[in-house]
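The following exercises are to be worked with the sequence and the coordinates at hand. Each task is followed by a stepwise solution.

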Amino acid sequence: MKKITYFIATLSLMHIETGYAAGTCTSNKLAATQKRVAAVMKADTPKESNSWEKLKKAFDGNRGCMAVYEAYDFGEAIRHLMTNHWDQIGKLEKYMKSDSNFFQFVISGLKDETANAEDLKKIQTLAQTKCPQGAEAICKEVVDNVKITP
């Protein structure tokens, strides 16, 4: 009887452990995440100066879906913002200090082995040569973390 109880308790714990992650990323949440990331990717106009804020909202509202979704599409969105809106990189400063999880999430987009090497080279060059005043710490993080695979 003790063995059966232990086995059921173990299965319950395993379900809670795995069920929690799966339960937090429903198909509706995943679809909402995809829409938010798509909106960031469409931010090609200068008036879209709140793109980092949009990415932050997508991150905050869908942290449960990050394991499913972050590796490719969020990384693409991060690199898109950096290559096309470099002048807005200083807006990450507040997140570097107030939400280190989000900032590290952004930096992780520079370490994706599937990333376009040309985009990564451009980002690295921008960080080295066109770092906005006040964003030196961010530029250093970018330079230190860009991983270009041949």
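**Exercise 1. Locate K35 and describe its setting.**

Solution. 
Step 1. K35 belongs to helix 2, which spans residues 27-41. The model in which it is found is predicted.
Step 2. The relative accessible area of K35 is 65%. Because the cut-off for exposed is over 50%, K35 is classed as exposed.
Step 3. Along the chain, K35 and A58 are 23 residues apart, and their C-alpha atoms are separated by 9.1 Å.

**Exercise 2. Summarise the secondary structure and the surface of the protein chain.**

Solution. 
Step 1. Counting elements gives eight helices and zero strands. In sequence order the pattern is therefore α-α-α-α-α-α-α-α.
Step 2. The protein chain has 150 residues, and 34% of them count as buried.
Step 3. Its accessible surface comes to about 9100 Å², with 57% belonging to carbon and sulfur atoms.
Step 4. Among contacts with a separation of 6 or more, 77% join residues 24 or more positions apart.

**Exercise 3. Identify the largest nonpolar core and the elements that give two or more residues to it.**

Solution. 
Step 1. The largest nonpolar core contains 30 residues. Those with the most contacts inside it are W52, L55, M82, L92 and V142.
Step 2. Two or more residues of this core come from each of helix 3 (51-61), helix 4 (66-84), helix 6 (100-108), helix 7 (117-129) and helix 8 (136-145).
Step 3. Take M82 as an example: leaving aside residues up to four places away in sequence, M82 touches W52, I89, L92, V106, L110, I123, L126 and V142.

**Exercise 4. Determine how the buried residues of helix 3 and of helix 8 are placed around their axes.**

Solution. 
Step 1. The buried residues of helix 3 include S51, W52, L55, K56, A58 and F59. Around the axis they cover an arc of only 160 degrees, so they lie on the same side of helix 3.
Step 2. In helix 8, the residues I138, C139, V142 and N145 are buried. Viewed down the axis of helix 8, these buried residues fall within an arc of 145 degrees, and therefore they line one face of the helix.

**Exercise 5. Characterise the disulfide formed by C131 and C139.**

Solution. 
Step 1. In general, a disulfide is a covalent bond between the sulfur atoms of two cysteines.
Step 2. The torsion about the S-S bond of C131 and C139 is about 100 degrees, so this disulfide is right-handed.
Step 3. Compute the accessibility of each partner. C131, at 26% relative accessibility, counts as partly exposed, whereas C139, at 3%, counts as buried.

**Exercise 6. Find the salt bridges of the structure and examine the pairs K97 and E93, K121 and E118, and K140 and D144.**

Solution. 
Step 1. A search of the whole structure returns seven salt bridges.
Step 2. K97 and E93 form a salt bridge with an N to O distance of 3.3 Å. Both residues lie in helix 5 (residues 93-98), four residues apart, about one turn of the helix. K97 is exposed, its relative accessible area being 67%.
Step 3. For K121 and E118 the N to O distance in the salt bridge is 3.7 Å. The two are three residues apart in helix 7, so about one helical turn separates them. K121 is partly exposed at 40% relative accessible area, while E118 is exposed at 53%.
Step 4. In the salt bridge between K140 and D144, the N to O distance is 2.6 Å. Because they are four residues apart in helix 8, K140 and D144 are separated by about one helical turn. K140 counts as exposed at 52% relative accessibility, and D144 as partly exposed at 42%.
Step 5. The spacing follows from helix geometry: an α-helix has 3.6 residues a turn, so residues three or four places apart point the same way.
Step 6. Finally, a network of salt bridges links E76, R79 and D112.

Definitions and conventions. Residues are numbered from 1 along each chain as its sequence is written. This is a predicted model: local features need pLDDT of at least 70, side-chain atom pairs count only at pLDDT 80 or more; totals for chains, interfaces and linings use all residues. Side-chain values use heavy atoms; hydrogens and water are left out. Buried means under 20% relative accessible area, exposed over 50%, partly exposed in between (1.4 Å probe, protein chains only). Contact means heavy atoms within 4.5 Å. Accessible areas come from the Shrake-Rupley method with a 1.4 Å probe; for residues, only the protein chains shown count as cover. A nonpolar core is a set of buried Ala, Val, Leu, Ile, Met, Phe, Trp, Tyr and Cys residues joined through side-chain atoms within 4.5 Å. A salt bridge is a side-chain nitrogen of Lys or Arg within 4 Å of a carboxyl oxygen of Asp or Glu. A disulfide is a pair of cysteine sulfur atoms within 2.5 Å. The arc is that of the directions from the helix axis to the C-beta atoms.
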